[in-house]
Amino acid sequence: MYDNDEETDQYYQSHQQISETEGERVLAHFEDEFEEGKQHHHQPRSYRRYRVCCGGIAFLLAFVSIAVGVPVGVLLREGSPSNAQSDIELLAKVVLPGVNIFDLNWTTSPQYRALEWLVYNDTRSLTIKDNNSTELLERFSLVTLYYALMGEDWQQSSYCFSSSTEGSEWLNVSSSHCNWCSIECNENDRVHSLLFFAFQLHGTLPPEIGNFQGLKKIEFGINSLRGSIPTEIGNLRQLTSLALSVNNFSGTIPSEIGNLQQLTKLDLSENIFSGTIPSEIGNLRQQLTEIYLFENNFLGTIPSEIGNLKQLTDLHLFANNFSGTIPSDIGNLQQLTYLELWNNAFSGTIPSEIGNLRQLTDLELYDNHFTGVIPSEIGNLQQLKYLHLNNNIGLSGTVPVEVGQLESITSASFQNTSLTGGLDDLAFCQNREATKFFQLTADCGGSSNPKITCECCTKCW
């Protein structure tokens, strides 16, 4: 939707423009009070902050200054503001549409604190009239992110605060936020990467994360973040990587994820997400190569739309509560190398279309409820190294000869199934040295009449 900088500018300007007439009307509305306020100019900061909390001073003056092109913070020192909440809401909607006004009414919210910081502390003096609207909105959104993620605690855990690079510390009032630690910007000084891997962060992602229209990479892996993924994530049409693994995120995957058609990597693993995989994930057919959803509480079936992702190489869904059958559309993923569905509640037969996945090296289907026979089409997978079908008590019949001819296999497991017959005549047993087979397990022990005969097995169950 926003494929270049010109379109991105139009996005911001269309949401943030306010006419000279409107700005003059607002200023005239407060003109009488400005003179009265000058006599309070030297009052202690604590008193002025009290009045901000009670009357919304910081917001109104920041919005008025933006509307008429006056540097942020100037009007705060020029006069006394109004308490008119309706004017605050009006200006908030016009110049900062990314701000939730109901959050701003709560004076300890990250959004309120961010705008207060812009008014009281920031010396960059960004204005709409100086074509700084994009930078202002992104700066506001970054400061909101800082407070939402308990930024005051970062100096106890982040290498950023041990950096010697001048201006790299967060909330540096004189430097561009592009210089702040773990922020990367493009040549036009627009934020394109948020890199917070293993920062020991706490808190939740605010909706303002959707304000970075040029963002390409989000990396928040290995932290202690909680809450849900904001639906505003769908605004990030240029995003290529969304990595939120090893946190405490919950809720469902928002359907807006389907808007991210440049996405190549989706990693939500090791959280407590729930719900189903939205069918909109099928919209990501152009670029998506990696999906990591393992170790969550996802349920339901794999949507058939997964078959649209023809660039996919990695599909890791293990250790969830998925159920139902594997859709035959899985056979469309001919670039797939890893298919990990173990430790779920999948049922039904293993689809023969899996034989189309000629690049597959890992097929992990163990610890499920599959039934029926092993499809002989698995013998087409000449790159396959790992075939683990154990702990599917409903699997029956024999191991197909075609499967036994896979010379690339180094590990296979068939125990705790209802498979019968012998494995010793299969090629991967006869050519064990040539194939470098190091692990083969089956139900070949425990009684005088085992279900499977296998002298070449490395372990019999």
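Visitor: Under what relative accessible area is a residue buried?

Guide: The term rests on a cut-off that applies throughout this predicted model. A residue counts as buried when its relative accessible area is under 20%.

Visitor: Are Cys 454 and Cys 457 buried or exposed?

Guide: These two cysteines are joined by a disulfide, with an S to S distance of 2.1 Å. As for their accessibility, Cys 454 and Cys 457 are both buried.

Visitor: Is the disulfide of Cys 454 and Cys 457 right-handed or left-handed?

Guide: The handedness follows from the torsion about the S-S bond, which is about 100° for Cys 454 and Cys 457. Because of this torsion, the disulfide is right-handed.

Visitor: Which residue forms a disulfide with Cys 178?

Guide: The structure holds four disulfides. In one of them, with -95° about the S-S bond, the link is left-handed. The sulfur atoms lie 2.1 Å apart, and the partner of Cys 178 is Cys 185.

Visitor: Cys 444 and Cys 460 are joined by a disulfide; how many residues apart are they?

Guide: The S to S distance of this disulfide is 1.8 Å. The pair links distant parts of the chain, with Cys 444 in the loop between β23 and β24 and Cys 460 in strand β25; the separation is 16 residues.

Definitions and conventions: Residues are numbered from 1 along each chain as its sequence is written. This is a predicted model: local features need pLDDT of at least 70, side-chain atom pairs count only at pLDDT 80 or more; totals for chains, interfaces and linings use all residues. Side-chain values use heavy atoms; hydrogens and water are left out. A disulfide is a pair of cysteine sulfur atoms within 2.5 Å. Helices (H or I, at least four residues) and strands (E, at least two) are DSSP runs, numbered from the N terminus. Buried means under 20% relative accessible area, exposed over 50%, partly exposed in between (1.4 Å probe, protein chains only).
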